[in-house]
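Here is a short briefing on helix packing and pockets. Look over the structure, then read the points below.

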Amino acid sequence: MTAPRPGGVLAALTDQARMQTERSRAARPAAEIAARAAAAPAPRDFVAALRAPGLGVIAELKPRSPSKGALTQDYQPAERARAYAAGGAAAVSVLTHEVGFGGTPGHLATVRAEVDIPVLRKDFIVDEYQITEARAFGADALLLIVAALDPARLAGLVAATRELGMEPLVEVHDEAEVDTALAAGATVIGVNHRDLRDFRIDRTLSARLRNRVGTDRTGSGAVMVGESGIRGAEDARELERAGVDAVLVGELLMRAERPDAVIKELIG
């Protein structure tokens with residue numbers, strides 16, 4: 001089966017990711033990237049980092065976004081990653097999508113060399129090459145988006161991710177997608193409050209989907225991550241009360257002069 005055609009902005013970003021992957025495959029053939037992945041340092045435990053006591057923060061690095069434009073005029077991923085770790089982030093998310101977000105897979109290696117917490121590849125992943133590439137550049141986890149994949153393809157990419165020792169953050173936006181994620185074996189489920197078809201935000205989604213996702217950080221069920229639209233500590237507390245185990249925060253931290261201080265406030 002082929003992946004369904006996602007709508008709106010998601011469709012455009014996914015198509016751009018496919019084209020980026022083909023350019024990467026031409027520059028670094030699959031055999032080369034597989035050898036590099038085999039030689040990469042052992043993956044760090046993304047699930048354990050999110051199940052640590054308290055609200056976890058996955059701190060995101062991205063120079064721009066399709067909805068907000070430029071988030072910084074001087075993108076220094078190494079420096080900002082160090083600040084994220086100093087603030088107590090559980091993990092660092094690195095955008096590697098070139099056209100929409102200004103990222104590159106090379107930023108994964110840059111960031112991983114600077115921190116001792118897990119590093120997540122955030123992109124629109126539809127191909128096993130992207131998974132191997134993530135490991136080759138040092139990723140410990142990566143994003144898979146239910147809306148961009150049919151159920152069989154999702155399950156296959158979840159398995160391919162784990163074969164390389166990484167863990168997928170499987171992103172959902174409604175009840176049906178939660179069921180698809182769980183059926184694919186997802187251990188970490190991200191509830192994206194932003195609808196990628198039109199970029200509208202609904203922060204009530206996490207509370208609505210908490211029971212559907214399952215249990216909490218005790219280790220007996222799926223970890224739940226609240227994503228997008230988090231404007232500060234008050235939003236983080238609201239999501240914590242809704243039962244999320246971690247939050248993924250990007251724009252707020254990219255615009256902050258002291259992202260380490262903001263992360264401490266989010267953690268509470």
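Helices here are DSSP runs (H or I, at least four residues), strands are E runs of at least two, and both are numbered from the N terminus. The model is predicted: local features need pLDDT of at least 70, side-chain atom pairs count only at pLDDT 80 or more, and totals for chains, interfaces and linings use all residues. Residues are numbered from 1 along each chain as its sequence is written, and side-chain values use heavy atoms, without hydrogens and water.

**Helices α2 and α7**
- The axes of α2 (residues 30-39) and α7 (residues 128-136) come within 7 Å and cross at roughly 40°.
- Axes are lines fitted to C-alpha atoms, for helices over the stretch in contact, and angles run from 0 to 180 degrees between N-to-C directions.
- On the α2 side, Ala30, Ile33, Ala34, Arg36 and Ala37 make the contact (heavy atoms within 4.5 Å).
- On the α7 side, the residues are Tyr129, Thr132, Glu133, Arg135 and Ala136.

**Helices α4 and α13**
- α4 (residues 77-87) packs against α13 (residues 259-267) at an angle of about 35°, with the axes 8 Å apart.
- This crossing of α4 past α13 is right-handed.
- Arg80, Ala83, Tyr84, Ala86 and Gly87 of α4 meet Pro259, Asp260, Ile263, Lys264 and Ile267 of α13.

**The largest pocket**
- A pocket is an open set of points on a 1 Å grid over the protein atoms alone, where a 1.4 Å probe fits, with protein on both sides within 12 Å along at least five of seven lines.
- The lining of the largest pocket has 31 residues, and lining residues have an atom within 4 Å of a point.
- Glu60, Lys62, Lys122, Arg194 and Ser228 lie nearest the centre of this pocket.
- β6 (141-145), β10 (246-249) and α12 (251-254) each supply at least two lining residues.

Methods:
Left-handed = near helix turned anticlockwise from the far one by under 90°.
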